[in-house]
Amino acid sequence: MTTVRRAVLTLPAAPLGPDNPLPALRAPAGAGAHAVDARTLAELPRDMARGIGRAPLRSLLPTAVRDGYGRERTPAGLDAIVIENDRLRATVLPGLGGRVHSLHHKPTGHELLYRNPVFQPAAFALNGAWFSGGIEWNIGATGHTTLSCSPLHAAVVRAPDGSPMLRLWEWERLRDLPFQVDLWLPEGSDFLYVGVRVRNPHERTVPAYWWSNTAVPEERRVLVPADAAWHHGYERGLNRLPVPVAEDGTDRSYPLNGAHAADYFYDLPEEQRRWIAALDADGRGLVQTSTDALRGRKLFLWGTERGGRRWQEWLTEPGTPGYAEMQAGLARTQLEHLELAGGAEFSWLEAYGPLAADPEAALGDDWAAARTDVEDRLEAALPRAAVDAAYTAWREGAADAGPETVLATGSGWGALEVLRGGYELPGTPFPESTLGPDQEPWRELLRTGVLPPPAKGAGPGAPLVATPWRDMLETAPADPSTEYHLGIAQWHAGDRAQAVRSWERGLHRAEVRWPLLYCLAVADQEDGHPRRAAERFAEAFTDHADHADHDGSEPVAAALGREATAALLAAGRPGPARELWARLPDEVRGRGAFRLLEVRILLAEGRTDEARAVFDEGFEVADLREGAEVLGELWAELTDEPLPDAYEFRMRPN
């Protein structure tokens, strides 16, 4: 009999720490790593180019940047949910985006996934904190979801066969869409079934994005029914290449044959069954398949060069095996967004399970024979018709079923949206009981038409930016707090001039000025006024210091100090930058990100020997972004010596 139960997973873990308290007005910091240059874009198929250009994020609003974590790990208990039958055991982390941490095949004793032995956040999600390993569910926009390290709602529901099923659900805030992920193990099944539904409850069309990312040990051959792939690297190109053998004779189906980090988006024929597999030297491993709606398949590899190997160490425990990712998505590439019409949904079924192929065929030089062997064995183990039938049974008989036993609670944002919009979402309830302090001011605005100001000494609170909330803010009494939030909503809508006017109006009457000064500083920065931006960042830092009660105010001081110091350096003012940096608490200045600022200050002052000494002493920037090259650039200003391995995170070919 299938069971669903709570458990605790104990791992060495770095605490997530507090979110960045400043509004995320800018586009994702790592967006450039996933971009395509204009020349390449002009040469792509028209529908692909449209998808790549569709609705890019102008900011991360209304979500917050998550950069409060460090690198020190201590044993911690993580809430887990275990789904188990007589063949498989899946361990899910509802508090961390619903990640499937482990998929254990009992008859063989094999772990089918790459199971990270630690929990170490790193700055790979759109909004910062993300971690590697297992199966993750990515919704929102190109990149790892903002929910990577966030709690989801979770409950037991009845599967189509009457067995218990785990439902995960939340309200994705970048695109304002509710979604659900249903996981179940039919009795006697070697495959974990996953039903996914993304709904658009609005009248307007919304850009939609989904990729299911599965980490597998990189000592594998990745097989997929395709003869070509779109290659995307950190050079921002997108080129169609043959699969599996490159022009130089390299077999790209083996992740360890790649020198540099890269994506391979496979070009599957229209009528082809959707699947991807990762097999070891004995022909054994994991296969993922789905109904046809989940169109795309992809391989991501880190490569064998120093930067890729350093990232592998950074994300897990040094000395442990590396991983690659086999992925499945709604579009051909991860760079595209689809259109989801008002009132419509995307839904599909995925299945994950073990596969044992003939190693001579699956690992041989004949690519067609290798694919045929894998597909034949997949068909024998889980026929394509059975996947389609399971999807129909789930969508028609279980997807709308109500939760029976609540296992975990996510955020209150979905409840607020349901309260405002009166949406009917069978199967995914967002009850008012889940509303919390972050939502309370907005519920008051909804109820009374007035947004209550924050408590004395408190920060301005979490923003909301969707059109209905902006409309309410425009008619609410115009106090400084309301002008602050109205400006953020206008900024998100692209009306930047009006946003600046709202912030300036609020500033005239504000007692606590730093939130509005910060917003105006970002606007100056984005509009090409670096000196004025630097002055406003510094003024915001000083204003916060003057009003801080020094109880819980350190995250704001650190965030403003980091922004202001960097802005002063960019404006060519190293003296004020050093003065401001020196005003930060010792503990803050000791963090890696602030040691990096110290290097930049020292270089601007011409004190290269002291800047080199900071490198020699050693520091780690915990929230270093994917594709960041700043460490190599600063090192090159100091010396012609090779960059030490500890600082080598570059992912592009030299």
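**Close-up views of a predicted model**

View 1. Helices (H or I, at least four residues) and strands (E, at least two) are DSSP runs, numbered from the N terminus. Two strands pair if DSSP finds at least two bridges between them. This is a predicted model, in which local features need pLDDT of at least 70 and side-chain atom pairs count only at pLDDT 80 or more, while totals for chains, interfaces and linings use all residues. Residues are numbered from 1 along each chain as its sequence is written, and side-chain values use heavy atoms, with hydrogens and water left out.

View 2. Strand 12 (residues 192–199) and strand 24 (residues 345–356) run antiparallel and are joined by 8 bridges. One of the bridge partners in strand 24 is Y352, which faces L192 in this pairing. Contact means heavy atoms within 4.5 Å.

View 3. The structure holds 25 aromatic pairs. Y114 and Y323 are stacked, because their ring centres are 5.1 Å apart and their planes are at 20 degrees. This pair links distant parts of the chain, 209 residues apart: Y114 is in the loop between strand 5 (110–111) and strand 6 (122–125), and Y323 is in strand 22 (residues 323–329). Both Y114 and Y323 are buried. F300 and W302 pair edge-to-face, 5.0 Å centre to centre with 80 degrees between the planes. F300 and W302 are buried too. Ring pairs join Y114, F124, W130, F300, W302, W311, W314, Y323 and F649 into a cluster. Rings of Phe, Tyr and Trp (its six-membered ring) pair if their centres lie within 6.5 Å; planes under 30 degrees apart count as stacked, over 60 as edge-to-face and the rest as tilted. Buried means under 20% relative accessible area (1.4 Å probe, protein chains only).

**View 4. Two arginines sit over tryptophan rings.** The charged end of R496 is over the ring of W491, 4.0 Å from its centre. R589 lies over the face of W581, 5.3 Å from the ring centre. A charge sits over a ring if NZ of Lys or CZ of Arg is within 6 Å of the ring centre and within 35 degrees of the ring normal.

**View 5. Strand 18 is covered on both faces.** In strand 18 (residues 262–266), 5 of the 5 residues are buried, so the strand is largely enclosed by the rest of the structure. A262, Y264 and Y266 are on one side, D263 and F265 on the other. Strand 16 (residues 228–233) runs antiparallel to strand 18, with 5 bridges between them. Here A229 has Y266 as its bridge partner. Strand 21 (residues 296–301) is also antiparallel to strand 18 and joined to it by 5 bridges. There the partner of Y266 is R297. Beyond four places in sequence, Y266 contacts residues including V222, V243, I276 and L299.

View 6. The largest core has 83 residues, and W137, L183, W210 and Y266 have the most contacts inside it. Strand 24 gives the most to this core, with 6 residues. The second core has 77 residues, among them W314, A510, A533 and L569. A nonpolar core is a set of buried Ala, Val, Leu, Ile, Met, Phe, Trp, Tyr and Cys residues joined through side-chain atoms within 4.5 Å.

**View 7. Helix 3 is largely enclosed.** Of the 10 residues of helix 3 (residues 306–315), 7 are buried, so the rest of the structure largely encloses this helix. The buried residues are G307, G308, R310, W311, Q312, W314 and L315. Their cover includes strand 6, strand 7 (128–130) and strand 22.

Methods:
Buried means under 20% relative accessible area, exposed over 50%, partly exposed in between (1.4 Å probe, protein chains only).
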